[in-house]
Amino acid sequence: GVRLTRLFQYVQDRFNFDIPTGTIQVNGKYRFDAATSPIDVEVSDASLHFADIGLAEKGDSTPVISVPTLNLDGIHVDLRKRNVSIASIAMSDATNHVWRNSDGSVNLQALLTQSGDGESAASPKASASSASEAPWTVSINQAGITNHTIHFEDRSLALPMRTDVTNLSAKTHDVHFPFKGPIPLTVDYKLNETGAVSIEGQVVPKPFQLDMALALGNIAIPPFQPYLEQFARIAVDSGAIDLDGKLHLAVEHPKEPLMTFQGNLGVKSLAIADRDRGAPVASWKQFLLREVALAVDPTSITIEEVGLNQPTVHLAIDHDGVMNVKNLLVTNTKKPASQPKKSPPPSVTIKTVKLLKGAA
């Protein structure tokens, strides 16, 4: 029942956030022996339980991060061996309010960055300690979050984009610091209520590499329309994305591509209209790229089949002789300062194209 605000006041100058709410409960056993050199301190069978944590921007009482429950159990700390082991870390029902500012920065970056005074004061001690003593090791047996919610808003756009991630769950196990081998990861969440995302695989932090199986189902396109505003004057009335496949990414890749993807991509029930007039422009029942093999750096694309089912396009020539589709494109009046050097076009191979029941 100890209030975090009381504890945080001793170090609050080092951070760019306040903790207006939250309590902590600590249980455990300890052994302390000052007769040895260095002093022998060992904590065992310990737990840290946090409740109703709120992190807010400095001077603001409204939490940007809210965590009702955060439990660390099975904690063992050995000062002489410089080792920490944790049996489980569990967080549930948390909520994040995240936004991207007009300058491209994300609010959580500034919020969670240590302030200059605290960093400069701590750095010399940290470097001196690391030079004379072995580094600390940390091991986590199980870690996970359940029922997490993220409200995201992109304020850098002319028309802000808002999206919600709900029912987010993620789990991993056997994590060691310094990092040893790949870290397994499983993530599931809902996107804007109708969409479902599932990710399962492993991550290697250094050098960064990931191998993931991805499954995206019924991801609605209309909420992301603000990103299309800079390219076209269109309104996406309906449409959803389905994707499944395997993704590989390796920052260091002397003998293989930077990224590869193998899988399927579909866009269903798409309907596009003229944003200003409301008149329909194009629609289709299903657009499918089957058995896609994508490689980046070097870039190549192979598609087993491209299928387009029941496409319809509405074309009109205005009184000035201009096609309606041309009027939908946003012309860029800014000229680039210098023409970038053109790289050779990627290799693209499409084995089969199927068009069914088209209309214009």
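Hi everyone, this short talk goes through the pockets, the nonpolar cores and some salt bridges of the structure above.

A word on the source before the details. The model is predicted, with local features needing pLDDT of at least 70, side-chain atom pairs counting only at pLDDT 80 or more, and totals for chains, interfaces and linings using all residues. Residues are numbered from 1 along each chain as its sequence is written, and side-chain values use heavy atoms, with hydrogens and water left out.

Let's start with the pockets. A pocket here is an open set of points on a 1 Å grid over the protein atoms alone, where a 1.4 Å probe fits, with protein on both sides within 12 Å along at least five of seven lines; lining residues have an atom within 4 Å of a point. Points are joined across faces, edges and corners, and the volume is the space filled by probe spheres set on them.

How much space lies in the largest pocket? About 190 Å³. Its lining includes Leu70, Ile89, Met91, Lys171 and Val187. Strands E5 (83–92), E7 (137–154), E8 (161–177) and E9 (183–191) each give at least two residues to that lining; strands are DSSP runs of E, at least two residues, and helices are runs of H or I, at least four, numbered from the N terminus. By class, the lining has eight nonpolar, two polar and one charged residues. For those classes, Ala, Val, Leu, Ile, Met, Phe, Trp, Tyr, Cys and Pro are nonpolar, Asp, Glu, Lys and Arg are charged, and the others, Gly among them, are polar.

The second largest pocket holds about 160 Å³. Tyr189, Leu191, Val197 and Ile199 are among the residues that line it. Two or more lining residues come from each of E9, E10 (195–204), E11 (209–220) and E12 (234–250). This lining is made up of nine nonpolar residues, with no polar and no charged ones.

Now to the cores. A nonpolar core is a set of buried Ala, Val, Leu, Ile, Met, Phe, Trp, Tyr and Cys residues joined through side-chain atoms within 4.5 Å. Buried means under 20% relative accessible area, exposed over 50%, and partly exposed in between, with a 1.4 Å probe and protein chains only.

Which residues touch the most other members of the largest nonpolar core? Ile19, Phe50, Ile53 and Ile65 do, in a core of 22 residues. Helices H1 (4–8) and H2 (107–112) are among the elements that supply at least two residues each, while E4 gives the largest share, five residues. Leaving aside neighbours within four places in sequence, Ile65 is in contact (heavy atoms within 4.5 Å) with residues including Ile53, Leu108 and Leu111. Apart from this core lies another, of nine residues, including Ile221 and Leu328.

Last, the charges. A salt bridge puts a side-chain nitrogen of Lys or Arg within 4 Å of a carboxyl oxygen of Asp or Glu, and the count comes to 15. Arg31 and Asp40 pair at 2.9 Å, N to O; Arg31 is partly exposed at 40% relative accessibility, whereas Asp40 is buried at 8%. Lys351 and Glu304 meet at 3.6 Å, N to O. Lys351 lies in strand E17 (347–356) and Glu304 in strand E15 (300–309), so this pair ties together parts 47 residues apart in sequence. Finally, salt bridges that share partners join Arg290, Glu291, Glu305 and Lys354 into one network.
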